[in-house]
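Me: Could you take a close look at how the inside of this one is put together? I'd like the packing first, then whatever sits around it.

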Amino acid sequence: MRTIILGDIHGCLREFTELLKKTDYRRGTDRLVLLGDLMDRGPYSWEMLHLAMDWKEQYPESFFLIRGNHEQMLVEQSPALDTRLIWRVVGKTATVRSFRRHRDRMENYIPWILEHMPLYYVDEDFRCVHAGIAHEDFEENPMELLVKDHSWSKKNLYSGKITIIGHTPLAEPTWYDGSGGPGIPLSYHQWERLPDKGTICIDTGCVFGDRLTAMIVEDGRYFLEYVDSGVHMENKAHTYVPWIRRLSALPLVRRLCSGANAR
């Protein structure tokens, strides 16, 4: 069976639809795996989630979803000030707006996410997680690493069975072979042997105006396809997030927020 794997979509419904057309995706015949972060940042989070729900109901044996950090933030609904502010900075507002257009609330879908978006996907030839992996046995990896970590994959220290990841936007799809050296950029539009070990990151920053990338896997080989993005959100989270964490840790800010929550 041919498998198509897509990186972070973030509400970019047009690009998602266009890319599946370019890969000649056949619903119910091909296997489709989405690496998480269906929503936040982009304009069509409600529509993307509902499309995924419909396809999961219609094609439960060939359509699979991995939970990303943006779905995990919704599931956790953390009361911590820094977590709430970071979620807004990294795209929650766009999702709230998308759901309000349909007079809906994203919190209504937490049970569905928990049931249908596991932390990893396992195939005979490869595995998938959203963010990163350190141990071949998934159960030995903390949830924070599988779903949220941005730094580990670039350290290039995992040399277990080949795992496809997203989460960290890169200029090109990149193979990390576990050697500790720099990642190896991969080429589009040519069939190559699927590596046995390491990780391949296919998040190429669609929501930031770059590309949405798909990996087609068949008979031990892979082929990379993409579409250019029509969304142009600035990627400033790397600047804002450390500042928010420092601000939220200040005793005065913590007291003020605790008082506001008490009222």
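Reply: Start with the largest nonpolar core, which has 46 residues. A core here is a set of buried Ala, Val, Leu, Ile, Met, Phe, Trp, Tyr and Cys residues joined through side-chain atoms within 4.5 Å; buried means under 20% relative accessible area, exposed means over 50%, and partly exposed is in between, with a 1.4 Å probe and protein chains only. Leu-6, Phe-16, Leu-32, Leu-34, Leu-38 and Trp-55 have the most contacts inside this core. Helix H2 (residues 45-58) gives the most to it, with seven residues. Helices (H or I, at least four residues) and strands (E, at least two) are DSSP runs numbered from the N terminus.

Bear in mind that this is a predicted model: local features need pLDDT of at least 70, side-chain atom pairs count only at pLDDT 80 or more, and totals for chains, interfaces and linings use all residues. Residues are numbered from 1 along each chain as its sequence is written, and side-chain values use heavy atoms, with hydrogens and water left out.

Leaving out residues up to four places away in sequence, Leu-34 touches Leu-6, Ile-9, Phe-16, Met-48, Phe-63, Phe-64, Leu-65 and Ile-66, where contact means heavy atoms within 4.5 Å. Apart from this core lies another one, of 20 residues, including Cys-128, Leu-186, Leu-194 and Met-215.

Beyond its neighbours within four places in sequence, Ile-9 is in contact with Phe-16, Leu-34, Gly-36, Asp-37, Leu-38, Met-48 and Leu-212.

Six strands make an open sheet with mixed pairing, ordered S3-S2-S1-S11-S12-S9; two strands pair if DSSP finds at least two bridges between them. Strand S11 (residues 211-218) runs antiparallel to S12, and eight bridges join the two. One detail from that pairing: Glu-218 has Arg-221 in S12 as its bridge partner.

Helix H1 (residues 13-22) packs on the sheet, where it touches strand S1 (3-6), strand S2 (31-34), S11 and S12, and its direction makes about 140° with that of S12. H2 packs on the sheet too, touching S2 and S3, with its direction at about 135° to that of S3. Those axes are lines fitted to C-alpha atoms, for helices over the stretch in contact, and angles run from 0 to 180 degrees between N-to-C directions.

Most residues other than glycine have a negative phi. Asp-24, in the loop between H1 and S2, has a positive phi near 60° and is exposed, at 51% relative accessible area. Asp-40, in the loop between S2 and H2, also has a positive phi, about 75°, but it counts as buried at 0% relative accessibility.

On to the rings. Phe-16, Tyr-25, Trp-55 and Phe-63 form one aromatic cluster. Rings of Phe, Tyr and Trp (its six-membered ring) pair if their centres lie within 6.5 Å; planes under 30 degrees apart count as stacked, over 60 as edge-to-face and the rest as tilted. The structure holds nine aromatic pairs. Tyr-120 and Phe-138 are stacked, because their ring centres are 4.1 Å apart and their planes at 0°. This pair links distant parts of the chain, 18 residues apart: Tyr-120 is in strand S4 (residues 120-122), and Phe-138 in the loop between strand S5 (127-129) and helix H6 (143-147). Tyr-120 is partly exposed at 28% relative accessibility, while Phe-138 is buried at 6%. Trp-191 and Phe-223 make a tilted pair, 5.4 Å centre to centre with 40° between the planes.

Finally, check Tyr-226. Arg-211 lies over its face at 4.0 Å from the ring centre, and Lys-22 lies over the face of Tyr-226 at 5.4 Å. A charge sits over a ring if NZ of Lys or CZ of Arg is within 6 Å of the ring centre and within 35 degrees of the ring normal.
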